[in-house]
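Here's a quick briefing to read alongside the model. Have the sequence and the 3D view open as you go.

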Amino acid sequence: MKPAPFEYFRPRTVEEALALLAEHAGEAKPLAGGQSLIPAMNFRLATPAVLVDLNGLDDLAYIKDAEGAVRIGGMTRQRAVERSALISRELPLVAETMPFIAHPAIRNRGTVGGSLAHADPAAELPAVMLALDARFELRGSKGARSVSAGDFFTGLFSTAVEPGELLTEVAVPKMPKRTGVAFQEVSRRHGDFALVGVAASITLDESGKCARARIALLSVGDRPLLAEQAARLLAGRTPSAEAMHAAAEAAATTDIDPSSDIHASARYRRQLARVLTRRVLEKAFARAALSR
Ligand SMILES: Cc1cc2nc3c(=O)[nH]c(=O)nc-3n(C[C@H](O)[C@H](O)[C@H](O)COP(=O)(O)OP(=O)(O)OC[C@H]3O[C@@H](n4cnc5c(N)ncnc54)[C@H](O)[C@@H]3O)c2cc1C
């Protein structure tokens, strides 16, 4: 099918884009890489009357190190993140995850802001940003605001972005000392959306005990979920197979309530969550012990 008719604008500045979104309030959608929006329009699952194309906003495509965080502009291509030396040095969890997102052709066009604003519960970046406790910078015609990853994802394909606002930047705190991270997922074929995925960031204190654990799961609910009970079981503990096993069990049973669909049963998703959580914890704890 072809999309329903729409008006098309290609602003050159963020201000111009915001003015267009305000002018066409309620009927305009921003277009980023188009890798999710255009298929949805072709199937007429999305029928915006107006498209505000963000691809002329070069100012929103950057990766920089500022004020203790790595800042990624909303229009930064996923491929640019995958290839960035700054990302692989400062945000190894993001670097490790990027190759799992779709295929290179899609990552060449798809943007970081588009993936996060789209908020597919099976997408990798939302869970990774939750594990890393990132902040999301939003701009609208009335001003700017900042939202934590925990408050950003509000439901199935829904976020804190209000109509007329743009996600302009994601600020990801740099890793504290003695931190290890890991990501794993299971999908039927490489590049497919994951049946379940787990991202973890573990920080040890000076005595080698777990000072902080953030474990985020994808494809187990209507949004990326933090495994809070699992993190509580690890807090203050010396890393051991027993502690990781207990945390993985909590992640799979208490922290999530997955449903069955055509891709996997709820029972299978819980089993994947159990196994993947244990594996990422083993990796993240081992890496944390080796890091300074
Ligand atoms: C075959 C295929 C396989 C895929 N597999 C995966 C996968 O395994 N994992 C995965 O994570 N993704 C996957 N994707 C999705 C891909 O990563 C998309 O690039 C991404 O979800 C959307 O990014 P985009 O830049 O293309 O956004 P678009 O499609 O342009 O926009 C998506 C939505 O976000 C809104 N939006 C975009 N940018 C902004 C902004 N800056 N501020 C506010 N709203 C904005 C748009 O209005 C729209 O509603 C796949 C896509 C395809 C086609």
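Ala119 counts as buried, at 2% relative accessibility; buried here means under 20% relative accessible area, exposed over 50%, and partly exposed in between, with a 1.4 Å probe and protein chains only. Ala119 sits in the loop between α7 and α8, and its phi is positive, about 55°, although it isn't a glycine. Most residues other than glycine have a negative phi.

A word on ground rules: this is a predicted model, so local features need pLDDT of at least 70, side-chain atom pairs count only at pLDDT 80 or more, and totals for chains, interfaces and linings use all residues. Residues are numbered from 1 along each chain as its sequence is written, and side-chain values use heavy atoms, with hydrogens and water left out.

- Helices (H or I, at least four residues) and strands (E, at least two) are DSSP runs, numbered from the N terminus.
- For α8, 8 of the 8 residues are buried, so the helix is largely enclosed by the rest of the structure.
- Those buried α8 residues include Glu124, Leu125, Pro126 and Met129.
- Just after α8 comes Asp133, with a positive phi of about 55°.
- Glu67 has a positive phi too, about 50°, and is not a glycine either.
- You'll find Glu67 in the loop between β4 (63–66) and β5 (69–73), where it counts as exposed at 74% relative accessibility.

**The ligand and its shell**

- The ligand is surrounded by 28 residues, and the closest are Pro30, Gly34, Leu37, Thr111 and Glu124; a residue is near the ligand if one of its heavy atoms lies within 4 Å of it.
- Glu124, one of the buried α8 residues, has a side-chain N or O atom 2.7 Å from a nitrogen atom of the ligand.
- A backbone N or O atom of Gly33 is 2.8 Å from a ligand oxygen, and a backbone N or O atom of Gln35 also lies 2.8 Å from an oxygen atom of the ligand.
- On its own the ligand has 980 Å² of accessible area, and the protein covers 88% of that; accessible areas come from the Shrake-Rupley method with a 1.4 Å probe, and for residues only the protein chains shown count as cover.
- Which elements give two or more residues to the shell? They are β2 (28–31), α7 (112–118) and β10 (166–173).
- The most comes from α7, with 4 residues.
- By class, the shell has 14 nonpolar, 11 polar and 3 charged residues; Ala, Val, Leu, Ile, Met, Phe, Trp, Tyr, Cys and Pro count as nonpolar, Asp, Glu, Lys and Arg as charged, and the others, Gly among them, as polar.

**Salt bridges**

- Side chains of opposite charge can pair when their charged atoms come close.
- Searching the whole structure turns up 18 salt bridges, each being a side-chain nitrogen of Lys or Arg within 4 Å of a carboxyl oxygen of Asp or Glu.
- One of them joins the side chains of Arg107 and Glu82, at 2.7 Å from N to O.
- That pair links distant parts of the chain, 25 residues apart: Arg107 is in helix α6 (residues 104–109) and Glu82 in helix α3 (residues 78–83).
- Arg107 is buried, at 4% relative accessible area, while Glu82 is partly exposed, at 22%.
- Asp133 turns up again here, in a salt bridge with Arg214 whose closest N and O atoms are 3.5 Å apart.
- Arg214 lies in strand β13 (residues 210–218) and Asp133 in the loop between α8 (124–131) and β6 (135–140), so this pair ties together parts 81 residues apart in sequence.
- Arg214 is buried, with a relative accessible area of 14%, and Asp133 is partly exposed, with 29%.
- Arg223 and Asp222 also form a salt bridge, with their closest N and O atoms 2.9 Å apart.
- Both partners are partly exposed: Arg223 at 28% and Asp222 at 32%.
- Glu67 belongs to a network of salt bridges along with Arg71 and Glu169.

**Pro99 and its neighbours**

- Pro99 is in the loop between α5 (92–97) and α6, and is partly exposed at 30% relative accessibility.
- Leaving out residues up to four places away in sequence, Pro99 touches Glu82, Arg107 and His190, where contact means heavy atoms within 4.5 Å.
- Glu82 and Arg107 are the salt-bridge partners described above.
- Pro99 and Arg12 are 87 residues apart in sequence, and their C-alpha atoms are 31 Å apart in space.

Conventions: Polar contact = N/O pair within 3.5 Å; in protein donor to acceptor, adjacent residues only side chain to side chain.
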